Amino acid sequence: MKALGGEAANVAVGLARLGSRVRFVGRVGADAFGKFLVSELNKNAVDTGGVIFDKNHKTRLAFVFHSEDGERGFEFWEKEPAGEQLCSADIDFGALAASRIVNIAPLLFMNEPARSTAFEIAEEVAKRGSAVAFDPNIRLALWKSAAEAKRVLLHMVRRSSLLRLNDEEATFLTGESDIASAASRLRALGPALVAITLGAKGCYVQSARGGTFVRGFKVKPLDTTGCGDAFFAALLHGIATAGAAVGDLSVEELIAICRFANAVGALTALKRGGAAAIPHPERVARFLKKHHRESAR
């Protein structure tokens, strides 16, 4: 089954589906897959005016396979995909910095010229007042070595305002198995907010205001592809609509945002298809209302 996917596309669709205005900036191949991706983004109300069709490089393909419990694995094709050819000349920095939050996709950091471009984007939009969001979404099979991945990704963590990652990634980057300690070490590098997802257990979120675990929701997963991206989209949406700077949100506000994000991630696991599985806000509201009634019994 052909489907829209990848962290950047999943987060963009999730944000649009939840009601945020979203613009996608990047390169895709001038091939059937690139045209399909742009078409799907447009169908999901994502502005694709910043997308460039690359005639010399192909769209990256990811093949997803599933186990019986809904967990998934990946195989990637294309050694020099179009996305990794993103360069400074492709970017309208003024237009980009008009966004309150700029999410920089992890696949940009694999190789040049996209790696340098991504770091330049982070620096420039931060100077102009945008928050920089980052999810390392680590796929070590795509990196030359684990050491290179850790070095480059930590370099980006230092330039992030808002960091989302899972517990295994947090341990990989910090060496800490204790989640709160890992969040503290990551936040000390620069991010105002660190959110660590814990699968069905929920998440841990920490800012200068404090840190807390937010319990997740038990569901029987059909496909966990895109659940972390869906959580991240909901987290970004919640922060953007809250109106406060990333580091100024109270612990109580963060708990409410993360509970909503946990619900979005849980619901995404109930359908196949990555971006296609991300729920609309009405479905999330019904889900949360049901679980509120059940917890009150």
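# Talking through the labels

Modeller: Let's start with Ser88, which is in contact with Phe93, Thr117 and Glu120 once residues up to four places away in sequence are set aside. Contact here means heavy atoms within 4.5 Å. This is a predicted model, in which local features need pLDDT of at least 70 and side-chain atom pairs count only at pLDDT 80 or more, while totals for chains, interfaces and linings use all residues. Residues are numbered from 1 along each chain as its sequence is written, and side-chain values use heavy atoms, with hydrogens and water left out.

Colleague: What makes the pairing of the Ser88 and Glu120 side chains a polar contact?

Modeller: The two side chains come to 2.3 Å. A polar contact is a pair of N or O atoms within 3.5 Å, where within protein one must be able to donate a hydrogen and the other to accept it, and residues adjacent in sequence count only if both atoms are side-chain atoms. So the Ser88–Glu120 pair, at 2.3 Å, qualifies.

Colleague: Why is Ser88 called partly exposed?

Modeller: Its relative accessible area is 28%. Buried means under 20%, exposed over 50%, and partly exposed in between (1.4 Å probe, protein chains only), so Ser88 at 28% is partly exposed. Ser88 sits in the loop between β4 (72–77) and α3 (93–96). Helices (H or I, at least four residues) and strands (E, at least two) are DSSP runs, numbered from the N terminus.

Colleague: And what makes Ser130 count as buried?

Modeller: Ser130 has 6% relative accessibility, and therefore it is buried. The loop between α4 (114–127) and β6 (131–134) holds Ser130. Beyond its neighbours within four places in sequence, Ser130 contacts Leu96, Ala97, Ser99, Arg100, Val102 and Val125. A polar atom of the Ser130 side chain lies 2.9 Å from the backbone oxygen of Ala97.

Colleague: Why is Ala45 called exposed?

Modeller: Ala45 has a relative accessible area of 57%, so it is exposed. Ala45 belongs to the loop between α2 (32–43) and β2 (47–54), and its phi is near 70°, a positive value in a residue other than glycine.

Colleague: Is Asn137 buried or exposed?

Modeller: Asn137 counts as buried, because its relative accessibility is 16%. Asn137 also has a positive phi, about 40°, although it is not a glycine. Its place is the loop between β6 and α5 (146–157).

Colleague: Let's turn to the helices. How are two packed helices described?

Modeller: By the angle between their axes and the distance between the axes. Axes are lines fitted to C-alpha atoms, for helices over the stretch in contact, and angles run from 0 to 180 degrees between N-to-C directions.

Colleague: What makes α8 and α9 roughly antiparallel?

Modeller: α8 and α9 pack at about 150°, with axes 8 Å apart. Angles under 35 degrees count as roughly parallel, over 145 as roughly antiparallel, 65 to 115 as roughly perpendicular and the rest as oblique, so α8 and α9 are roughly antiparallel. Residues making this contact include Ala234 and Leu235 of α8 and Phe260 and Ala261 of α9. By class, the contact has 11 nonpolar, four polar and no charged residues. (Ala, Val, Leu, Ile, Met, Phe, Trp, Tyr, Cys and Pro count as nonpolar, Asp, Glu, Lys and Arg as charged, and the others, Gly among them, as polar.)

Colleague: Why are α1 and α8 called oblique?

Modeller: Helix α1 (residues 7–18) and helix α8 (residues 227–242) pack at about 50°, with axes 8 Å apart, and α1 and α8 are therefore oblique to each other. The contact of α1 with α8 divides into seven nonpolar, three polar and two charged residues. Among the residues that meet are Leu15 and Leu18 in α1 and Phe232 and Ala234 in α8.

Colleague: What about Phe260: how do you know that it counts as partly exposed?

Modeller: Phe260 is at 22% relative accessibility, so it is partly exposed. Phe260 lies in helix α9 (residues 251–268). Apart from neighbours within four places in sequence, Phe260 contacts Leu18, Ala234, Val284 and Leu288.
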